[in-house]
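Dear colleague,

Please find the structure below, handed over for your own work. My notes on it follow.

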Amino acid sequence: MVVMAQNRLPMWPRPWALVVALLVLLACGQPVWAFQLPPLPYAADALEPAIDARTMTIHHDRHHAGYVKALNAAVAADPALAELSLEQLLARGARLPEVVRNNAGGHWNHSQFWTAMAPPGQGGEPSEALTGAIEASFGSLAGLREQFSAAAASRFGSGWAWLILKPNGELAITSSANQDNPLMGLRGSGRGTPLLGLDVWEHAYYLNYQNRRPDYIEAWWSLLNWDELNHRYAAARAPS
Ligand SMILES: [Fe+2]
């Protein structure tokens with residue numbers, strides 16, 4: 001009797017195959033749990049003049065890469081954390097060891113930062129759904145921009161400004177210190193799904209703007225990737 005292939009149960013890998021796969025991964029120098037630095041989704045000079053190529057290169061290739069490297073080293077040294085996804089790590093918030101909290105946040109925050117920007121004129125427009133939500137929470141797009149910029153400018157020291165979707169379905173603006181973010185559920189950083197985060201660490205702007213953070217924030221708005229933001233808003237509202 002011929003058994004139809006589609007009726008068979010999945011065949012699990014034989015133990016020797018798993019051993020071979022692990023040896024191959026180890027030989028490549030990349031543990032299976034390693035977090036990876038995502039490439040920039042555009043050329044380093046694509047965001048000029050708002051953000052110059054040298055700032056982008058240093059920011060991505062050194063700062064973000066540094067967070068990824070340190071995160072991999074930290075979780076590799078802690079078996080209780082090594083099997084967790086980045087989001088699972090962040091959800092532990094204040095319970096994380098400081099080195100993991102800082103570097104997991106640094107990795108997640110920067111990953112969303114690159115894709116939240118697009119070359120000038122290529123970021124699209126806010127969707128009807130997102131526009132409605134923004135108007136409900138901030139009165140207008142101008143209201144969002146004004147309140148978000150104020151949060152970014154007033155964040156003392158290094159940190160991030162955030163637009164989040166709160167558990168009650170409303171949009172809100174918040175900010176966080178260092179590499180914390182609203183996924184960590186920390187007091188004072190807001191609690192919700194981050195839709196947009198702006199890096200206001202000096203490494204994000206100092207080469208071109210020095211101490212003029214408000215000028216950097218103003219220029220950054222020309223880079224907003226509304227297409228990505230529309231996607232994030234729809235995904236955050238979708239039933240899980
Ligand atoms: Fe940064």
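In β3, Asp199 is the bridge partner of Trp160. Helices and strands here are DSSP runs (H or I of at least four residues for helices, E of at least two for strands), numbered from the N terminus. This is a predicted model, in which local features need pLDDT of at least 70 and side-chain atom pairs count only at pLDDT 80 or more, while totals for chains, interfaces and linings use all residues. Residues are numbered from 1 along each chain as its sequence is written.

Strand pairing (at least two DSSP bridges between two strands) involves β1 on two counts. Strand β1 pairs with β3 (residues 193–199) in the antiparallel sense over 6 bridges. With β2 (residues 171–177), β1 is joined by 7 bridges, and these two strands also run antiparallel. Leu163 stands opposite Ile173 in β2. The hairpin of β1 and β2 has 5 residues between the strands, and Gly169 in that hairpin takes a positive phi near 90°.

Burial is counted from C-beta atoms placed from the backbone: a residue is buried with 20 or more others within 10 Å of its own, exposed with 12 or fewer, and partly exposed in between. For β1 (residues 159–165), 7 of the 7 residues are buried, so the strand is largely enclosed by the rest of the structure. Gly159, Ala161, Leu163 and Leu165 point one way from β1, whereas Trp160, Trp162 and Ile164 point the other way.

Glu48 and Pro49 are joined by a cis peptide bond with omega of about 5°, and Pro49 lies in the loop between α1 (15–27) and α2. Asn178, in the loop between β2 and β3, has a positive phi of about 55° although it is not a glycine. Asn178 is partly exposed, with 16 other C-beta atoms within 10 Å. Gln210, in the loop between α8 and α9 (213–220), is likewise not a glycine and has a positive phi of about 50°. Gln210 is exposed, with 11 other C-beta atoms within 10 Å.

With kind regards
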